[in-house]
Amino acid sequence: MNLKKNLVFLGMMGSGKSSIGYLVSKKLNIKFVDIDDLIEIEAGMTISKIFEEIGETHFRNLEEKITLRALKNTGNTVSLGGGGFINEKIRKEILINHFSFWLDWDDAILLKRIKGSKKRPLAFKSTDHEIKNLIKKRSKIYSKAQFKINCNKLSKTEIVKKIIKIYELN
Ligand code: S3P
């Protein structure tokens, strides 16, 4: 695909950014880029280890650097980490130069998926109340995305179809 933009997927932990990003890339026959994977490769350790051993600030710096660099290559699907779009520099770059899709779900569904997840240090150490507050706070920012996909009643296949339709119309 000769496209000067990326299709960027954003939303909370557990919203399916990676699986949907991957499926959309297969359908469009383009490359799939997962920012969390890139961070783990570059740091040489898992995200949980980065949080544990070097701290969240270091993780956020890495996330900014690696995301902005990845976005320079275009014509790909890119799945952000849940905090990626909260970063102002990353958000601006995406809103100016790329397509952005917010995968939106009800709190209860997200909570069930991420609660106690050892792979997700932020969710692991938080109470239900704290996670709900984080969803509320972040949703205000996620809502700036170009397209909001209300995923609650849709299957994965339907979500992918919807995204491809939007992409083809734009
Ligand atoms: C984070 C989400 C995670 C990962 C890190 C921080 C967040 O990615 O980047 O644990 O701040 O929401 P996923 O959304 O892919 O789980």
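Residues are numbered from 1 along each chain as its sequence is written, and side-chain values use heavy atoms, with hydrogens and water left out. Since this is a prediction, local features need pLDDT of at least 70 and side-chain atom pairs count only at pLDDT 80 or more, while totals for chains, interfaces and linings use all residues.

**View 1. The open, five-stranded sheet.** Read across, the strand order is S2-S3-S1-S4-S5, with parallel pairing. Strands here are DSSP E runs of at least two residues, helices are H or I runs of at least four, and both are numbered from the N terminus; two strands pair if DSSP finds at least two bridges between them. S2 (32-34) and S5 (147-150) sit at the edges, each pairing on one side only. From one strand to the next the twist averages 20 degrees, with axes fitted to C-alpha atoms and angles running from 0 to 180 degrees between N-to-C directions.

**View 2. Strand S1 and its partners.** S1 (residues 7-10) pairs with S3 (residues 77-79) in the parallel sense over three bridges, and four bridges join S1 to S4, again parallel. Look for Phe9: it stands opposite Ser79 in S3 and opposite Phe101 in S4. Both faces of S1 are covered, with Leu7 and Phe9 buried on one side and Val8 and Leu10 buried on the other. Buried means under 20% relative accessible area (1.4 Å probe, protein chains only). Further along, S4 (residues 99-104) pairs with S5 over four parallel bridges, and Leu103 has Ile149 as its bridge partner there.

**View 3. Helix H4 and its buried face.** H4 (residues 56-70) has 15 residues and reaches 20 Å from first C-alpha to last, close to the 21 Å expected (1.5 Å times one less than its number of residues). Its buried residues are Phe59, Leu62, Glu63, Ile66, Thr67 and Ala70.

**View 4. The largest nonpolar core.** This core has 50 residues, and those with the most contacts inside it are Leu7, Val24, Phe101, Leu103 and Ile163. It is a set of buried Ala, Val, Leu, Ile, Met, Phe, Trp, Tyr and Cys residues joined through side-chain atoms within 4.5 Å. Helix H9 (residues 156-169) gives the most, with six residues. Leaving aside neighbours within four places in sequence, Val24 is in contact (heavy atoms within 4.5 Å) with Leu7, Phe9, Thr77, Val160, Ile163 and Ile164.
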